Amino acid sequence: MRYEKLNPKNISDFKKFFNAVKKDFLQFRKFDPHRKKTFEDYLTSKNLNILLAIEKNKVVGYSAYDTNYKGKGKLIGIGFLRKHRGKGNGLKLAKKVMTILKRAGNKEIVTRTWESNSSSQRLFKQLGFKKYKTIKNDRANGESTFLFRWRKE
Ligand SMILES: CC(C)(COP(=O)(O)OP(=O)(O)OC[C@H]1O[C@@H](n2cnc3c(N)ncnc32)[C@H](O)[C@@H]1OP(=O)(O)O)[C@@H](O)C(=O)NCCC(=O)NCCS
């Protein structure tokens, strides 16, 4: 596995990959399209970035992050193609992103997932995140969103 930041050369491969995994994300009930960032925003913004996991020249995983989200780090999203899950790849990529967010000077890092997503909740706990808030009925199917944070000791 090699890791590459999103750049103008790999963005079309990344978009193909993302079309395959986006159905696995449980969308918000009230989704505000004006707040949605495009992948091009990730190329131009200083603090937004995407780290890609690449195997045999194919994008198989990604993690999007923000090194300065209201003065905190944010792990925006993470996902792998189905056959690359459950092999430690998610944890390895997430650890790399956590290192980037900590090196940027963040003493607090936030992330979120939905209540039935136990694999991402286990992943976050392994990284030292703790659940601090629940937003009820926040997802398209009525599920809650769980907010997690990591804090420097
Ligand atoms: C959430 C997600 C990114 C996790 O990635 P992953 O690669 O499956 O995670 P890992 O393989 O690192 O960890 C999963 C399990 O494999 C285990 N594992 C770790 N290394 C392993 C290895 N070398 N071989 C086998 N299993 C291993 C982990 O211990 C973990 O076990 P647990 O679930 O009982 O805690 C992945 O499930 C995914 O893409 N889901 C769809 C999108 C999504 O829901 N994203 C999160 C939204 S916030």
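1. First, the ground rules. This is a predicted model, where local features need pLDDT of at least 70 and side-chain atom pairs count only at pLDDT 80 or more, while totals for chains, interfaces and linings use all residues. Residue numbers start from 1 along each chain as its sequence is written.

2. Overall fold. The chain has four helices and seven strands, arranged along the sequence as β-α-α-β-β-β-α-β-α-β-β. Helices (H or I, at least four residues) and strands (E, at least two) are DSSP runs, numbered from the N terminus.

3. Size. The C-alpha trace spans about 40 × 35 × 35 Å along its principal axes. A compact globule of 153 residues would have a radius of gyration near 15 Å, and the chain's 15 Å agrees with that. That radius is taken over C-alpha atoms, and the globule rule is 2.2 Å times the number of residues to the power 0.38.

4. Packing. Buried residues account for 27% of the 153 in the chain; buried means 20 or more other C-beta atoms within 10 Å of a residue's own, exposed means 12 or fewer, and partly exposed is in between, with C-beta atoms placed from the backbone. Among contacts between residues at least 6 apart in sequence, 59% join residues at least 24 apart. A contact here is two C-beta atoms, placed from the backbone, within 7 Å.

5. The core. The largest nonpolar core holds 28 residues, and those touching the most other members are Ile50, Leu52, Tyr62, Leu75, Ala94, Val97 and Ile109. Such a core is a set of buried Ala, Val, Leu, Ile, Met, Phe, Trp, Tyr and Cys residues joined through C-beta atoms within 7 Å. Leaving aside neighbours within four places in sequence, Tyr62 is in contact with Phe14, Phe17, Phe18, Ile50, Leu52 and Gly79.

6. Strand E6. E6 runs antiparallel to E7, joined by five bridges; strands pair if DSSP finds at least two bridges between them. Isoleucine 135 has threonine 145 of E7 as its bridge partner.

7. The ligand. Of the 18 residues around the ligand, Arg85, Gly88, Gly90, Leu91 and Thr113 come nearest; a residue is near if its C-beta atom, placed from the backbone, lies within 6 Å. Helix H4 gives the most to this shell, with four residues. By type, the shell divides into five nonpolar, nine polar and four charged residues.

Notes
Nonpolar A, V, L, I, M, F, W, Y, C, P; charged D, E, K, R; others polar.
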